[in-house]
Amino acid sequence: MKKRIGIIKFGALFFSIAMFSSTNIHGGEIQQVDPSVFLQAMEAAAAQGFGATRPFPEDPISNVPVLGEAVDPNTLLTQAYSNNTLAGTYTTSFSGSSSNRINNIQVAADRINNMVIAPGQEVSFSQTILPRTAANGYKKGGAYVGGKVVSVTGGGICQVSSTLYAALMNAGVTVTERHPHSMTVGYLPLGMDATIAGTSKDLKFLNNYNMPVYIQTSVEGSNLTVNVYVSPVSLGGRSYKFWSDKTGVRSADSYLTTYFNGVEVSTTFIATSRYMPKR
């Protein structure tokens, strides 16, 4: 019974968070989670052990207010994060970028900041950051189109998707769709980037853990950082390192190394990325 109570309290927490979706937290907005979908996902996770490396704790979150209590959303979010650990992070530099490109990075980063992903939920980065239009806050910036650098609305957002991709991989989160850029980028190693383009290319990822995953972003100075938080119970002592090996002037193989309690246990090949020469 304690297990079910803990799950319901966890769902109640995020039902409460969803109710405050317009409240700014740490510079971003809490992403809405449908309470019924969330509770169904949590129930299914409990029944099937979805993505678990260990069983649920008897009471995964103690001292969490139950649904119906008047609680400041900042307190709810703080309590949610306090029960998770920083599982994956990555930082890239946009030093030397134009003001428009920096604006686009900030806008896209804000749209994934404080995102809550329920167990089994798949997320589209492209949909989350909204269409790249002036109405949605994007400006003209440089982007790769047809083997050339051209000015397009939203240019620069692929630095956000790439930084997010590396952070997700470092957290052991399952990435279900990823595409390399057509040409090399300078803000992270070859093979570790992830571009998006219209509706044809996207970055999609799935919460394969049995507890919610949280994403935080920050833009400070000339650096973009993406942090991914996962329940230590879900991690079960595991940690991950995403890396790549350059195989040519414009090619690289990427890998994911898994550690258990700090000891390397396996390395998995992820993908081969090839790039065209810049024109």
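1. A residue is called buried when its relative accessible area is under 20%, exposed when over 50%, and partly exposed in between, using a 1.4 Å probe and protein chains only. By that rule Tyr165 is buried, with a relative accessible area of 2%.

2. Before going on, please note that this is a predicted model, in which local features need pLDDT of at least 70, side-chain atom pairs count only at pLDDT 80 or more, and totals for chains, interfaces and linings use all residues. Residues are numbered from 1 along each chain as its sequence is written, and side-chain values use heavy atoms, leaving out hydrogens and water.

3. Tyr165 lies in helix α6; helices (H or I, at least four residues) and strands (E, at least two) are DSSP runs numbered from the N terminus. Helix α6 covers residues 157-170 and reaches 20 Å from its first C-alpha to its last, close to the 20 Å expected at 1.5 Å a residue (1.5 Å times one less than the number of residues). Of its 14 residues, 14 are buried. After α6 comes Gly172, with a positive phi near 75°.

4. Now to the rings: those of Phe, Tyr and Trp (its six-membered ring) pair if their centres lie within 6.5 Å, and planes under 30 degrees apart count as stacked, over 60 as edge-to-face and the rest as tilted. This gives three aromatic pairs. Tyr165 and Phe242 are edge-to-face because their planes stand at 75°, with centres 5.2 Å apart. Phe242 belongs to strand β12 (residues 238-248), so the pair ties together parts 77 residues apart in sequence.

5. Trp243 and Tyr255 form a stacked pair, 4.8 Å centre to centre with 20° between the planes. Trp243, Tyr255 and Phe269 form one aromatic cluster.
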